[in-house]
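The sequence and the structure are shown first, and the main points follow by topic.

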Amino acid sequence: MEPNMIGAYGPWAASIVGDAPARLSFRKSEFTDVEAWRQVARQRVRDCLLVPESGGVPKAELQHQFEYDGLHIEHLHWQLPYGPPTEAIFLKPKGATERLPAVLALHDHGGNKAFGTRKIAQISDDLHPVMKKHRDYYGGLSWANELAKRGYAVLVHDAFAFASRRIRVGDLPRVVRRDLKEENPESESEIAAYNKFASEHESLMAKSLFCAGTTWPGVFLSEDQRALDYLCSRDDVDAKRVGCGGLSGGGLRTVYLAGMDDRIACACCVGMMTTWRDYLLHKAHTHTWMIYIPGLPLDLDYCEILGLRAPRPTLVLNDLEDDLFTVPEMKRADQMLGEVFTKANAADRYRCSFYPGPHKFDKPMQDEAFAWYDRWLKS
């Protein structure tokens, strides 16, 4: 027995999932009609996600608008039926008057819940020191800005439990917050302390969401769909040419949103593709509670959630030295998705690339992602 996350119980747990296609995998011979299969499989995913109600199209309020680095930028916020307001940044080329193709840019996790939109969108030359360092994941670039400069409308919003949507320590009992205080949220020492607390708080949040009858990925999907509602409602956006994408936690959110919502015409999942077996045996210790959907692994593998969008264009980008996954399982996920798209007569609409280096979405990877968006959203 090889060492694994749960010791002597590992082989037994892995045997429950097994190697054969899961019960609702499109790779099984009994599924021949992709539309009929998708309807059944998506309903099962919805049942497992326990997606909470999050209202209709958000009524976004404009806080500021200005021009920066050749872009028109809007600082927005909207109120969902629960929690603090969501802050968002909208970017498009300065002077653009036509309806533009659009991308919902999904920020990462990165062990940093004190920040959200600022991880990938930049609205001034004054970058916070923590965000300057965070740009190492992105080759020093703010990729939402870089994409907007290519002729896209781009929306970035704070995800559930991040930045404007983060848990405020003043709202918690002492037994949970301990001695943590919020006095200068922009100080590097306070940001580090908050992120350490937020990491430890994830298990408590997940348990509480289970007790409420929902799941963390269910909340992510619901709130990301509200942001998509708003993006598609804008007069300067062509709602038929909308994509999404992101690195790491943003790749996770891409899996759920792009797999479950047909409005996403083109998707790019970066640094977040593998199998349930990889999580189970090898890599659960490197990941958050935000991934897991109880009960679903018997019906669909993790990668096959993204495959629910076949035959719509789908790009997956991986890093060969990514400590979050094992290479064999990343490649097995690629094989599964390739089989799904081939069976859906859409082999040309799926691509998976492997890059040297650690967990990242650097300029060469961005170049491939942006060209993929150009191919499918600008034609």
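**Sheet, cores and cysteines**

Nine strands, in the order 1-2-3-5-4-6-7-8-9, form an open sheet with mixed pairing. The edge positions belong to strand 1 and to strand 9 (350-355), each of which pairs on one side only. On average, neighbouring strands of this sheet are turned by 15 degrees against each other, direction ignored. The model described here is predicted.

**Strand pairing**

- Strand 1 (residues 61-68) and strand 2 (residues 71-78) run antiparallel and are joined by 7 bridges.
- Within this pair, Glu-67 stands opposite His-72 of strand 2.
- The two strands form a hairpin with 2 residues between them, and Asp-69 in the turn has a positive phi of about 55 degrees.
- Strand 6 (residues 237-247) pairs with strand 7 (residues 266-270) in the parallel sense, over 5 bridges.
- Gly-245 stands opposite Cys-268 in strand 7.

**Helices on the sheet**

- Helix 8 (residues 249-260) lies across strand 4 (100-105), strand 5 (153-157), strand 6 and strand 7, and runs at about 140 degrees to strand 6.
- Helix 12 (residues 363-377) also packs on the sheet, where it touches strand 4, strand 6, strand 7, strand 8 (314-319) and strand 9.
- The direction of helix 12 makes about 175 degrees with that of strand 8.

**Nonpolar cores**

- In soluble globular proteins, nonpolar side chains tend to be buried together.
- The largest nonpolar core in this model comprises 77 residues, and those with the most contacts inside it are Leu-104, Leu-155, Trp-216, Met-273, Tyr-302 and Ile-305.
- Helix 7 (residues 216-233) gives the most to this core, contributing 9 residues.
- Beyond its neighbours within four places in sequence, Trp-216 is in contact with Lys-113, Phe-160, Ala-161, Glu-202, Met-205, Ala-206, Leu-209, Trp-289 and Met-290.
- Another core, of 32 residues, lies apart from the largest one and includes Val-103, Ala-121, Tyr-138 and Ala-144.

**Cysteines**

- The structure holds 0 disulfides.
- Cys-232 is in no disulfide, and the nearest cysteine sulfur, that of Cys-244, is 11 Å away.
- Cys-232 counts as buried because its relative accessibility is 15%, where the cut-off is under 20%.
- Cys-269 is likewise in no disulfide; the nearest cysteine sulfur belongs to Cys-268 and is 7.4 Å away, whereas a disulfide requires the sulfur atoms to be within 2.5 Å.
- With a relative accessible area of 0%, Cys-269 is buried.

Definitions and conventions: Residues numbered from 1 in each chain as written. Predicted model: local features only at pLDDT ≥ 70, side-chain atom pairs only at ≥ 80, totals over all residues. Heavy atoms only, no water. Pairing = 2+ DSSP bridges. Helix = DSSP H or I, 4+ residues; strand = E, 2+ residues; numbered from the N terminus. Core = buried A, V, L, I, M, F, W, Y, C linked by side-chain atoms within 4.5 Å. Buried < 20%, exposed > 50% of the residue type's maximum accessible area, 1.4 Å probe, protein only. Contact = heavy atoms within 4.5 Å. Axes fitted to C-alpha atoms, helices over the stretch in contact; angles between N-to-C directions.
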